Amino acid sequence: MTPQPGGTRTGAFRTDPALARRVAIKRFLARLVLFAERVLPLFLPLAGIAAIFVSLAWLGVYRQLPDAARLVLVFALTAAFVASLLPFARLRWPAGEDADRLLEERNHLAHQPVAVQDDAPAFETPFARALWVEHQRRMAETIAALDAGLPRPDIARFDRYALRAVPALLLVTALAYSGSNGAGVIADAFRQQPAAGDAPGLRIDAWITPPAYTGQPPVFLSGRDGQGDGQAAAAKARVPQNAQATVRISGGSADEKVLFRRADDGTVVDIAMIDPAKAEGEAAPTATGTPPSTAANANANAARVHEWKLDTSGELLVGGRQWAIDVIPDKAPEIAFDGQPRRSANGALEIGFTARDDYGLAKAYAEIEPLQEKADAIPLYALPEYKLDLPRHNARDAKGLSSRNITEHPLSGRKVRITLVATDGAGQTGRSPPHEMVLPARAFVEPLAAAVAEERQVFALDIRDLRYAIALNEALTIRPEETIPNTTHYLLLQSAQARMKLARSTGELENTADYLWEIALGIDGGELSLAERKLRDAQQALADALERNAPDEEIKKLMDELRAAMQEFMSAMAERQPNAEGQQQQSAQNVLRQRDLENMMNQIENLARSGNRDAARQMLSELQRMMNNLQAGRPQRGGQQQENSQVRQQIDKLGEIMQEQQRLMDETFKLDQALKDRMQRGDPGDGEDGEFLEQMPPEGEDGQQPQQGQEGQQGSPTDRMTAEQLREALKNLRAQQDALGKKLDELQKGLGDLGVKPGEGFGQAEREMRGAGEALGKSQGERAVEGQGKALEALRQGARDMMNQMMQAMRGQQGQGEQQGQGQGNQTGRDPLGRPRATTGPDFGERVNVPDEIDVQRAREILEAIRKKLGDNAGPEFERRYLERLLDIQ
C-alpha cells in the first residue's frame, strides 16, 4: 500500500459524496477536540496567577505592604502573567493525520480505517482496484459512525503535585473575607497608601434593630443607595417606633458627625458617640506621651459607635451620605369584653374578652376595684389579681375566656367595677369600658360557715372594724348547744376569737383572716374544700411553669402533682355525692369522666414536652374552666330530692314516647312500602295459605316486634302477606298510635303538676298523632307516616321548650339571678362544665355536631352493615330501595 500523492481522496468518496461530507465533519470535530486539549492546559498558569493577585487584594495585603514591596509584588505577578502567555504563540492547528489517529484511538478501531482512505494499492490490476475500492467503502462507513468525544486535557500530566489547588483555596478564602471591615479592594494594588500620620479611608456601617417584641429583622442602611450632595435616598427605610439605630464609623479623620434631622419639626440632632467600652466590650485608652499625630491616627482607626432610639421619622446624615427613615408609630393595644362576666358553678369568675395589637400583646388582666367601700377604709388585702389567658405569646388578635376562682378574697359578694387592661411589648396599655357587677362569692351550704366568712370579711375590708368582727364572733357562740352541734367547730371559733383579740400587726391579722377562712371551708366542705384548693394551687403552679418555659423535668413533676390533686379532688367529690337513686342519673352531656380528665392532662404534658407551650397553656386554661364549672354534690333537702326525681321520671317518659313513635313510624313505612309493591306488580299475593297473621309472633307488652336478625333468618314476614293482609296490619297499628297519644296526654298533666308549662310542641304532637291514627284506621300508610314524622318533630320541639324551662328554674334556684342569666346568654356554645357544645339545651339529634372518634367508628359500622345487607339481595324490592336511599345511591 502506498499513500496517494497530495492526499487525494479516492474510492468510496468519489462514488458517495454524502459519505465524504460526513467523514469530513468527523475529522473537523476531532481537530477541535485536539485543539482544546492543547489550549486548556495553557490557561492553568494564567488562572492561578490571576487568582493569587485577586486574593491578595481582597485579603488586604496590598494595603498593608509598603509601596516598594507592593510594587515589586505587583511587578512579579504581572511578569509571571505575561510569561504564561508565551506558550500560546507556539500553538498550532492539529494536522489531519493527528485527527485521524484520535478517531482511531478513541473508538478502538483496527486496520486503520481512517488512514486507509489516503492509501492506494501497490499493484494496479482491475481485480486489485475493485477489491481496494470495496475495502475503502466499508472503512468509510465505519468512520462516519465514529465519535470524537469530549476534550481530555489531562491537566494532571502538567501539574503532577496538584499545585493548582493552592490558588483555588486561597481565592475561596479571600472571597469569604472580602465582606469584612479589614478587607481590601483590587484597586489597592495600584493605589499609593497614606503616610503614617494620614487618616485611613472612611467606612460607614449603619443599621436599625427593631424591638424584639415586633419580631422583625434588622434593616441595614449601608447596603442601600444612600446619596450624597444633600440628595435623599430613593427608598425609605420603614422601621417600627422605638427601634434602635446604630452607626459604626471606622477610618476617616475622627471628626465625622452623625446627624439626625427630625421630620416633625426639622431640628437636627447631633448623635453622641457611646463609650468605646460599651461598644467593643473593652476599654481602649490612649497611652500617655503618644505624639498627637499618632494618637489621632489611633482614634481614627478605632471604630466609633453612635446609638439612639428612633421615635419619629427623619433623615440620617453621616460623612456626606444621607438615608431617609420612616418610623411607623406603635399603636396602643385594644381590649373589650366578649359578653358579660359570669359566675361559674363553684363561684369562679369567668370573663370573655377580645384584644388586638399591631405587634402583639404582652399580657392582659382584669382590674377589680370596690364601689361600695368607705373612702378612708384600710383594707387588709390588696385588690384581687385576675390574669387573662392569652391564646399564645405576642398574639396580635386574641379572643379567649378566662376563669379564676377569687371567692377567697374579701371583696367577693360586694359590688365592684371591672376594667380589662392589655399591655403590649412597648409597655403601652389599653383599657376597656368598665363593667359593674357583684363579684361572685362562695355559696356556703352551712349557715354557720357563711357567718364565719362574713365575720372575716368585716375586718378584712377595713381593719378598723375588728371590734365589730369580734362582736359577731361572740354572737355566734352565745348558745352553742343549739347553733353549733359540732364541738370541734365551737373550739375553732373560740380560738379564732382569741387570735383576733391578740392581733397587733397587719401580718397577724392576715393570719387570723386566713385561719377564719379555713374554719369556714372546714365547716362547709371539709375534705372537698381543701382538695379543691389544693387542685387550684397545682393548676396555678403548672400555669406559671408553662409561662416561664420551665424545663421538662419541672413540668413532669408539676404534672404528677396535678394528677394527684385531681385524684384527691374527684375522690372527695364522689364521697359528697348524695346516695339517692335519682341523683345517680345525670345527663350524659354534663358528666365529666375520670378518663376525660386523664386524657386532657396527658395532652397537656405531651404538648408541653414537645415545645408547644402555648397550646398546653390554652388546654390547661380549658381544664381550669371545666373544673370551675363542675358542680360538686351538695346535700339536698328531701323535698328537693323528690322534686328532682319526679322531673327525671317525666324526662324518661318523654324519651320512651319518642322512641316508640320512631319505631311505630318505621313499622308503618315498612308495611306501606310492601303494600305499594303489591299494587304495582298487580299481584294479589295469596301468600302461604293466607296464614300470615297466625305466623307473626305476638307483640310484647311494649308493642315491639321481633328483631331484624331473627326476621332475616326466617325471611321477612311482609313477603308472605297479601295486599288485604297488609291493609289489615296497618289498621292494627292504630291501637298503638292511640296509646302513644294517651301517654303524651298523661305526660303533659304530670309536667303541669310540677310547675312546668307544656309547650306548643306537645300540643302539635298530640294533634299529629291523632291524625296519624285516623290514617292508619283507613290503611293510608303514606299519610300516616307523614303525620308520625311531624309528631316526632313536634315532640323534639316540645322537649327543647321543656328543658329550657327547667334550666331557667335551676339557674333561679342556684341564685345566679338576672345577671347570671345574661352571662349565660353571652357564653352560648358551652355546656355547664364550660366545654364547647352545639346546643344550649339537650341534643335530640336535630343539630349537626362534629363527631368524635367513637361516633365516627359507629357510623362506619352502620354503613358496613347496610352495605352487607344490600349485597345479600335476599330481601324484597321495597327493602332494597330503602337501603339504597340510606346509602344515597339513587
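**Salt bridges and an open sheet**

Student: In this predicted model, is D311 buried, partly exposed or exposed?

Tutor: The relative accessible area of D311 is 44%. Buried requires under 20% and exposed requires over 50%. With 44%, D311 is therefore classed between these cut-offs, as partly exposed.

Student: With which residue does D311 form a salt bridge?

Tutor: The closest N and O atoms of the pair are 3.5 Å apart, and the cut-off is 4 Å.

Student: Which residue meets D338 in a salt bridge?

Tutor: The N to O distance of this salt bridge is 3.9 Å. D338 lies in the loop between β12 (334-337) and β13 (342-343), and its partner, 61 residues apart, lies in strand β17 (residues 397-404).

Student: Which strand holds R356, the salt-bridge partner of D397?

Tutor: The side chains of D397 and R356 meet at 3.9 Å, N to O. D397 lies in strand β17, and the pair ties together parts that are 41 residues apart in sequence. R356 lies in the strand of residues 349-356, namely β14.

Student: How many salt bridges does the structure hold?

Tutor: For the structure, the number of salt bridges is 37.

Student: Which strands stand at the edges of the open sheet formed by four strands?

Tutor: The order of the open sheet is β4-β3-β6-β9, with antiparallel pairing. Each edge strand has a single partner strand, so one side of each is left without a neighbour in the sheet. The edge strands are β4 (219-220) and β9.

Student: Which residue in β4 is the bridge partner of I208?

Tutor: Strand β3 (residues 203-209) pairs with β4 in the antiparallel sense, over two bridges. The bridge partner of I208 is a residue of β4. This residue is V219.

Conventions: Residues numbered from 1 in each chain as written. Predicted model: local features only at pLDDT ≥ 70, side-chain atom pairs only at ≥ 80, totals over all residues. Heavy atoms only, no water. Buried < 20%, exposed > 50% of the residue type's maximum accessible area, 1.4 Å probe, protein only. Pairing = 2+ DSSP bridges.
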